Amino acid sequence: MPSSVGGAYDRPVASGEDLRALLRRFPSGVAVLTVDAAGQRLGLTVSSLVSLSLQPPLVGVAIDRQAAMHELLREAGSFALSLLAGDQEALAQHFARGVPPIAMWRGVPIRAGDLGAPLLEGALGWIECRLAHECPAGDHTLFVGEVVSCQSGPSASALVRVQAAYRAL
(Lines give C-alpha, C1' and ligand atoms only; values in the text may rest on other atoms or scores of the structure.)
Protein backbone atom coordinates (compact mmCIF):
# COMPACT_ATOMS: atom_id res chain seq x y z
CA MET A 1 0.00 0.00 0.00
CA PRO A 2 1.53 3.36 -0.97
CA SER A 3 2.05 5.97 1.69
CA SER A 4 1.18 8.68 -0.86
CA VAL A 5 0.83 9.10 -4.59
CA GLY A 6 4.26 8.38 -6.02
CA GLY A 7 5.33 6.85 -2.70
CA ALA A 8 7.08 3.55 -2.03
CA TYR A 9 5.29 0.23 -2.53
CA ASP A 10 6.07 -3.10 -0.92
CA ARG A 11 5.84 -4.81 -4.31
CA PRO A 12 6.96 -3.97 -7.87
CA VAL A 13 4.92 -1.36 -9.69
CA ALA A 14 3.83 -1.67 -13.34
CA SER A 15 5.70 0.45 -15.84
CA GLY A 16 4.09 3.36 -17.63
CA GLU A 17 4.38 1.40 -20.88
CA ASP A 18 2.53 -1.57 -19.33
CA LEU A 19 -0.28 0.74 -18.28
CA ARG A 20 -0.39 2.45 -21.70
CA ALA A 21 -0.53 -0.94 -23.47
CA LEU A 22 -3.45 -2.10 -21.33
CA LEU A 23 -5.43 1.14 -21.52
CA ARG A 24 -5.09 1.23 -25.32
CA ARG A 25 -7.46 -1.75 -25.29
CA PHE A 26 -10.07 0.21 -23.31
CA PRO A 27 -12.16 2.60 -25.44
CA SER A 28 -12.33 6.21 -24.37
CA GLY A 29 -14.30 9.13 -25.74
CA VAL A 30 -12.45 11.82 -27.66
CA ALA A 31 -12.84 15.54 -27.03
CA VAL A 32 -11.01 18.70 -28.01
CA LEU A 33 -10.14 20.94 -25.07
CA THR A 34 -9.96 24.63 -26.03
CA VAL A 35 -8.91 27.80 -24.24
CA ASP A 36 -8.73 31.49 -25.01
CA ALA A 37 -6.13 33.23 -22.87
CA ALA A 38 -6.26 36.95 -23.65
CA GLY A 39 -6.85 36.26 -27.34
CA GLN A 40 -4.38 33.38 -27.58
CA ARG A 41 -6.46 30.36 -28.59
CA LEU A 42 -5.30 26.79 -28.35
CA GLY A 43 -6.90 23.38 -28.81
CA LEU A 44 -5.75 19.92 -27.76
CA THR A 45 -7.27 16.49 -28.37
CA VAL A 46 -7.88 14.65 -25.10
CA SER A 47 -9.25 11.28 -24.13
CA SER A 48 -8.74 11.75 -20.39
CA LEU A 49 -12.05 13.53 -19.77
CA VAL A 50 -13.90 12.26 -16.72
CA SER A 51 -17.10 13.26 -14.95
CA LEU A 52 -16.18 13.86 -11.30
CA SER A 53 -19.35 15.10 -9.63
CA LEU A 54 -22.95 16.01 -10.38
CA GLN A 55 -23.46 18.19 -7.26
CA PRO A 56 -21.71 20.46 -8.02
CA PRO A 57 -21.17 19.52 -11.67
CA LEU A 58 -17.43 18.92 -12.11
CA VAL A 59 -15.31 17.36 -14.84
CA GLY A 60 -11.62 16.56 -14.92
CA VAL A 61 -9.03 16.41 -17.65
CA ALA A 62 -5.38 15.43 -17.35
CA ILE A 63 -2.83 17.54 -19.24
CA ASP A 64 0.89 16.79 -19.59
CA ARG A 65 2.92 19.40 -17.73
CA GLN A 66 5.13 19.85 -20.82
CA ALA A 67 2.19 20.59 -23.16
CA ALA A 68 1.67 24.16 -24.35
CA MET A 69 -1.94 23.82 -23.19
CA HIS A 70 -0.87 23.39 -19.56
CA GLU A 71 0.10 26.98 -18.81
CA LEU A 72 -2.45 28.53 -21.17
CA LEU A 73 -5.26 26.72 -19.37
CA ARG A 74 -4.05 28.13 -16.06
CA GLU A 75 -3.79 31.62 -17.56
CA ALA A 76 -7.26 31.44 -19.16
CA GLY A 77 -8.96 30.27 -15.95
CA SER A 78 -11.66 28.58 -18.02
CA PHE A 79 -11.93 26.03 -20.81
CA ALA A 80 -14.33 24.31 -23.17
CA LEU A 81 -14.65 20.74 -24.34
CA SER A 82 -16.13 19.72 -27.68
CA LEU A 83 -17.16 16.05 -27.49
CA LEU A 84 -16.35 14.75 -30.97
CA ALA A 85 -18.79 12.95 -33.22
CA GLY A 86 -17.83 9.81 -35.10
CA ASP A 87 -17.20 11.70 -38.34
CA GLN A 88 -14.76 14.18 -36.74
CA GLU A 89 -11.60 12.06 -36.76
CA ALA A 90 -9.82 14.67 -38.91
CA LEU A 91 -10.38 17.26 -36.16
CA ALA A 92 -9.10 14.85 -33.51
CA GLN A 93 -5.93 14.28 -35.54
CA HIS A 94 -5.54 18.00 -36.27
CA PHE A 95 -5.59 19.01 -32.61
CA ALA A 96 -3.47 16.02 -31.53
CA ARG A 97 -0.60 17.03 -33.83
CA GLY A 98 0.48 20.23 -32.16
CA VAL A 99 -0.31 22.42 -35.16
CA PRO A 100 1.47 25.81 -35.10
CA PRO A 101 -0.86 28.47 -33.63
CA ILE A 102 -1.02 30.43 -36.89
CA ALA A 103 -2.57 27.42 -38.68
CA MET A 104 -4.48 25.88 -35.78
CA TRP A 105 -7.88 27.41 -36.56
CA ARG A 106 -7.62 27.68 -40.36
CA GLY A 107 -10.56 25.83 -41.92
CA VAL A 108 -11.91 24.67 -38.54
CA PRO A 109 -15.62 25.50 -38.10
CA ILE A 110 -16.00 27.10 -34.66
CA ARG A 111 -18.23 29.38 -32.68
CA ALA A 112 -17.45 31.35 -29.55
CA GLY A 113 -18.44 29.85 -26.25
CA ASP A 114 -19.95 31.89 -23.43
CA LEU A 115 -16.61 31.89 -21.57
CA GLY A 116 -14.58 32.77 -24.67
CA ALA A 117 -13.05 29.43 -25.63
CA PRO A 118 -13.90 28.17 -29.13
CA LEU A 119 -16.48 25.40 -29.59
CA LEU A 120 -16.08 23.03 -32.56
CA GLU A 121 -19.16 22.90 -34.76
CA GLY A 122 -20.71 19.49 -35.43
CA ALA A 123 -19.67 18.00 -32.08
CA LEU A 124 -21.94 15.71 -30.05
CA GLY A 125 -21.99 18.36 -27.38
CA TRP A 126 -20.07 21.05 -25.55
CA ILE A 127 -19.05 21.62 -21.95
CA GLU A 128 -17.83 24.99 -20.71
CA CYS A 129 -16.02 25.21 -17.40
CA ARG A 130 -14.41 27.59 -14.97
CA LEU A 131 -11.14 26.21 -13.65
CA ALA A 132 -11.91 25.13 -10.08
CA HIS A 133 -8.90 23.09 -8.95
CA GLU A 134 -5.72 21.51 -10.15
CA CYS A 135 -4.07 18.43 -8.73
CA PRO A 136 -0.53 17.26 -9.54
CA ALA A 137 -0.65 13.73 -10.96
CA GLY A 138 2.80 12.42 -11.92
CA ASP A 139 3.90 14.00 -15.20
CA HIS A 140 0.40 15.48 -15.68
CA THR A 141 -1.90 17.87 -13.86
CA LEU A 142 -5.54 16.97 -13.32
CA PHE A 143 -7.50 20.14 -14.04
CA VAL A 144 -10.95 20.19 -12.45
CA GLY A 145 -13.56 22.33 -14.11
CA GLU A 146 -16.82 23.57 -12.64
CA VAL A 147 -19.37 23.11 -15.42
CA VAL A 148 -21.15 26.38 -16.15
CA SER A 149 -22.76 25.26 -19.41
CA CYS A 150 -23.39 22.03 -21.27
CA GLN A 151 -25.23 21.66 -24.56
CA SER A 152 -26.11 18.73 -26.76
CA GLY A 153 -25.29 18.82 -30.44
CA PRO A 154 -26.71 16.77 -33.29
CA SER A 155 -27.56 13.12 -32.69
CA ALA A 156 -24.65 11.09 -34.06
CA SER A 157 -22.21 8.35 -33.19
CA ALA A 158 -19.36 9.21 -30.82
CA LEU A 159 -15.68 9.23 -31.70
CA VAL A 160 -13.66 6.88 -29.46
CA ARG A 161 -10.01 5.90 -29.30
CA VAL A 162 -9.12 2.22 -28.89
CA GLN A 163 -6.10 0.15 -29.95
CA ALA A 164 -4.33 3.42 -30.87
CA ALA A 165 -6.98 4.18 -33.54
CA TYR A 166 -10.07 6.35 -33.81
CA ARG A 167 -13.44 4.64 -34.32
CA ALA A 168 -17.05 5.75 -34.54
CA LEU A 169 -19.21 4.09 -31.91
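At 36% relative accessibility, R74 counts as partly exposed, a class lying between buried (under 20% relative accessible area) and exposed (over 50%), with a 1.4 Å probe and protein chains only. Helices (H or I, at least four residues) and strands (E, at least two) are taken here as DSSP runs, numbered from the N terminus.

The structure is a predicted model, in which local features need pLDDT of at least 70 and side-chain atom pairs count only at pLDDT 80 or more, while totals for chains, interfaces and linings use all residues. Residues are numbered from 1 along each chain as its sequence is written, and side-chain values use heavy atoms, leaving out hydrogens and water.

Turning to the charged pairs, a search of the whole structure gives 6 salt bridges, each defined as a side-chain nitrogen of Lys or Arg within 4 Å of a carboxyl oxygen of Asp or Glu. One of them joins the side chains of E71 and R74, at 3.0 Å from N to O. These two residues are also linked with E134 in a network of salt bridges.

A further salt bridge connects E121 with R111, whose closest N and O atoms are 3.7 Å apart. E121 lies in the loop between β8 (118-120) and β9 (125-137) and R111 in strand β7 (residues 110-112), so the pair ties together parts that are 10 residues apart in sequence. Both ends are partly exposed: E121 has a relative accessible area of 31%, and R111 has a relative accessibility of 28%.

The side chains of D36 and R41 likewise form a salt bridge, at 3.2 Å from N to O. D36 is partly exposed, with a relative accessible area of 22%, and R41 is partly exposed as well, at 29%.

Strands are treated as paired if DSSP finds at least two bridges between them. On this basis β2 runs antiparallel to strand β3 (residues 40-46), to which 7 bridges join it; within this pairing, V32 has T45 as its bridge partner. The hairpin of β2 and β3 has 2 residues between the strands, and A38 there takes a positive phi near 50°. Strand β2 is also antiparallel to strand β6 (residues 78-83), through 4 bridges, with L33 partnered by L81.
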